Amino acid sequence: MEIPEIKTQKFIVKFFPEIMIKGPSAKRQMVGQLYNNIVKLLTRISEDINVKKFFDKIEVVCPIEVVSEVRIKLLETPGIEQVLEALQFDKINTLDEIKTIVNETMAKEIEGKSFVIRAKRTGTHDFKSTNIEQTVGGYMLSKKTSKGVDLHNPEVTINLELVHNQLNIITCKHKGLAGFPLGTQGSILSLMSGGFDSTVASYLTMKRGMKTHFIFFNLGGVAHEIGVKQVALYLWSKFGSSHRVSFISVPFDDVVTEIFRSTHETYMGVTLKRLMLKASEKIADEMGIDALLTGESVAQVSSQTLRNLALIDQSTNKLILRPLATMNKPDIIDIAHKIGTKHFAEAMPEYCGVISKNPVVHGSYERMEKEAKAFDYSVLDTAVQNAQKIYVDEIVNDVKDIGTMEEVNDLSSGDYTVIDIRQSDDCIETSAETIKIPFYNLKKEFKKLPQDKEYLFYCDKGILSQLHAQYLKDAEGRQNIKVYRPL
């Protein structure tokens, strides 16, 4: 028998088990959504990919040339528990045909190894599944290239599926992303800072089948926004591109300035989180979204004690999901590494903690109410009105790499003025002229300085300095700014 040339690769997609135990209507809807998602995603790879839906699986047949791309996309698609790779042979009717094809295809896999044949059969045939296993196993054993058959602990298991007159030889099994198909669990608005927590939280809701939109509160200028857009685009492209979602950027620097004016320092962190939820609620209402997502984990920082989270939640009527609430930081970082967002997060500053000074750990409901009344909410309304919304798939035309500003380590190398942009009251002492402008006032105050001088921005880690210097360079064309990093 002449073995046909293999020009295509079959993938057998097994559903997430929780889909299979749903009622008939819910199961039908989820399987249909997963099928539509797969078709949409794979059509972008090739028009020659064929996708078929069955009650317990989806089959994908693609040209050999795009196997790698298809495999990756299936393994990153929510709702898929397992992906089997198979070689498909049609019009197979006899045991002799089966044993010849399997031996020709799989002989190299069992050279010098013990093996076993496992077969499943669907349809009407003159033989049973055990007959397939015995016939194929005996035939391959007679070729004397293997160590023999081992029914209990084989080194190689050859899995066969005979569906009517179609033979599938399973060559590989992969663990899928699991979860529910994207689009079956509604939409959620994720408060995205770009750090470890918010990116992992967003991944988990996408994996659970929720269309995850992103809202970003801009405290760091253009450069910070670019960084967060990059990680949002990455997450969407990898796990959620079957659906279009939005990225909303809310200018929050004036809100921070108002917090400093109106709020006692111990309540600034909690107040900032409350205002972010209030703004998110307004935008979620406009988008018809019922729930908000944060990356908060209990006790990770002072604003995330149970009492403070309760104070924060008072600011909104929306459902708030916190999938990381009981997770440890090392476990969160491990997930970030696994999904590919770790290197984004490592370079991303967490601005939320920057304005907290001697933060309250166990806030008072009465005191919080007093602090909230002192805030001018017209500032928040203005920020929401000035929010910018784009679709995440359009970020690719908007994103660019964050530039690296020149660093100065030795102040004697030029005539510089050092600007300490830290939020704290203390100011670094240097041999050069040094002034204090907290980062949240830079946009307004820097333009008042003589522009014929060279300025060096300073902060503890250098990240805020880089981002704000880059912002003033990109947005306002300032060429007289560098970053001070003392040795």
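Author: Valine 245 counts as buried, because its relative accessibility is 3%, where buried means under 20% relative accessible area, exposed means over 50% and partly exposed lies in between, with a 1.4 Å probe and protein chains only. This is a predicted model, in which local features need pLDDT of at least 70 and side-chain atom pairs count only at pLDDT 80 or more, while totals for chains, interfaces and linings use all residues. Residues are numbered from 1 along each chain as its sequence is written, and side-chain values use heavy atoms, with hydrogens and water left out.

Valine 245 lies in the loop between helix H7 (221-240) and strand E11 (246-251); helices (H or I, at least four residues) and strands (E, at least two) are DSSP runs, numbered from the N terminus. Leaving aside residues up to four places away in sequence, valine 245 touches Lys211, Thr212, His213, Phe214, Trp236, Ile390, Tyr391 and Val392, where contact means heavy atoms within 4.5 Å. Serine 378, by comparison, is 133 residues from valine 245 in sequence and 28 Å from it in space, C-alpha to C-alpha.

One of the residues touched by valine 245 is His213, and this histidine has its place in strand E10 (residues 211-218). Histidine 213 is buried too, with a relative accessible area of 8%. Its side chain reaches the backbone nitrogen of serine 246 at 3.0 Å, which can be read beside the definition of a polar contact: a pair of N or O atoms within 3.5 Å, of which, within protein, one must be able to donate a hydrogen and the other to accept it, while residues adjacent in sequence count only if both atoms are side-chain atoms. Not counting residues up to four places away in sequence, histidine 213 touches Ser187, Ile188, Leu189, Ser190, Arg244, Val245, Ser246, Met287 and Ile289.

Leu189, which is among the residues touched by histidine 213, is also among those touched by serine 280. Serine 280 has its place in helix H9 (residues 268-287) and is buried, with a relative accessible area of 0%. A polar atom of the side chain of serine 280 lies 2.8 Å from the backbone oxygen of methionine 276. Beyond residues up to four places away in sequence, serine 280 touches Leu189, Leu191, Ile215, Phe217 and Leu292.

A further step takes us to a pair of helices. Two packed helices are described by the angle between their axes and the distance between the axes. Helix H6 (residues 196-207) and helix H11 (residues 329-339) have axes that come within 9 Å and cross at roughly 65°, where axes are lines fitted to C-alpha atoms, for helices over the stretch in contact, and angles run from 0 to 180 degrees between N-to-C directions. On the side of H6 the contact is made by Phe196, Asp197, Val200 and Tyr203, and on the side of H11 by Lys329, Ile332, Ile333, Ile335, Ala336 and Ile339. These residues of the contact of H6 with H11 divide into eight nonpolar, no polar and two charged, with Ala, Val, Leu, Ile, Met, Phe, Trp, Tyr, Cys and Pro counted as nonpolar, Asp, Glu, Lys and Arg as charged, and the others, Gly among them, as polar.
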